[in-house]
Amino acid sequence: MSLNSVIKTSEECRIVNFGGGSNYHTHTYYCDGKNSPKEMVERAVELGFHSLGFSGHQYSPQDADYAMSLESEKKYRSDIEALREEYKGIINIYLGIERDYCCEATEGFQYIIGSTHHVQKDGIWMNVDESAKTMEDSVKQLFDGDYMAYAEAYYDLESRVLEKTRGQIVGHFDLITVFNGMTKDVFFNEEDPFYKGLALKAAERIVESFVTNRRSNELPEGFPAELGEIICKTEMPIFEINMGAMAKGRRDIPYPAPFIMEYLATLNVPMLISTDCHDKRFLDYGMKELSF
């Protein structure tokens, strides 16, 4: 399936790509990325980017394997701030964070991607995207193998992800589908009307709550001007068209699914193409295919 068959035209969906000259979902070796911040900046300059936003996984007490530690988060902040000065006039560099629903809000970041990587049941947190085996075992343990109950718990949290994280960008909205159908097993039917209803209701709630609270939610100091202009013009949150799972070979289409993109388009919600980059080789992954 070609990417342009998933997203037909920029007129049908409010696609934000800035000519393939920026990426705001970027990870480094301070969390679960492969490269240093400087290596990422050098690659961005090589690609002709005009801006690069870093979005390290904020420290999470639920999962230390993929997130920054409190100490590495300090080094992350320092590195990004130093690179901003070093590359001033060459490329705009932004200090962002990817904040999970289960994380506490902290200050000092120029933008926030709100994401749900964990689901809670009976006081126990399970990781959504660690591995198919982890997901399968956790759903058996916590939801008696009921994947629709699992989906319901996920979208309940996801529907409040921007409120909880104080974010402006929704990261990989339907991450729960990451392992669905990529092996011989299909864990749940994404065409099931009940599942679609859960997803669309969550998307609607995110938009409604953001619009309702927009006047009292000031954008952080230093928020990227090109993103701020979009939010101020539309008075909407930004949803990602996230290429990360494709770059890892876990998925053959971006997040979110086409039916979700189509619904967001009816609400005139802006959608930002992001590579969710964990390896500098994939910093512009899919951007050419989705450039309009």
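Mentor: Buried means under 20% relative accessible area, exposed over 50%, and partly exposed in between, with a 1.4 Å probe and protein chains only. The model is predicted, so local features need pLDDT of at least 70 and side-chain atom pairs pLDDT 80 or more, while totals for chains, interfaces and linings use all residues. Residues are numbered from 1 along each chain as its sequence is written, and side-chain values use heavy atoms, without hydrogens and water.

Trainee: Is K34 buried or exposed?

Mentor: The relative accessibility of K34 is 54%. K34 therefore counts as exposed.

Trainee: How many residues apart in sequence are the parts that K34 and D279 tie together?

Mentor: The two side chains meet in a salt bridge (a side-chain nitrogen of Lys or Arg within 4 Å of a carboxyl oxygen of Asp or Glu), at 3.8 Å from N to O. K34 lies in the loop between β2 (22-23) and α2 (37-46), and D279 in the segment after β10 (271-274), so the parts tied together are apart by 245 residues. Helices (H or I, at least four residues) and strands (E, at least two) are DSSP runs numbered from the N terminus. The separation in sequence is 245 residues.

Trainee: What is the relative accessible area of D279?

Mentor: D279 is the partner of K34 in the salt bridge. D279 is buried, and its relative accessible area is 10%.

Trainee: Which residue meets E191 in a salt bridge?

Mentor: E191 is exposed, at 54% relative accessible area. The N to O distance is 3.1 Å, and the partner is K196.
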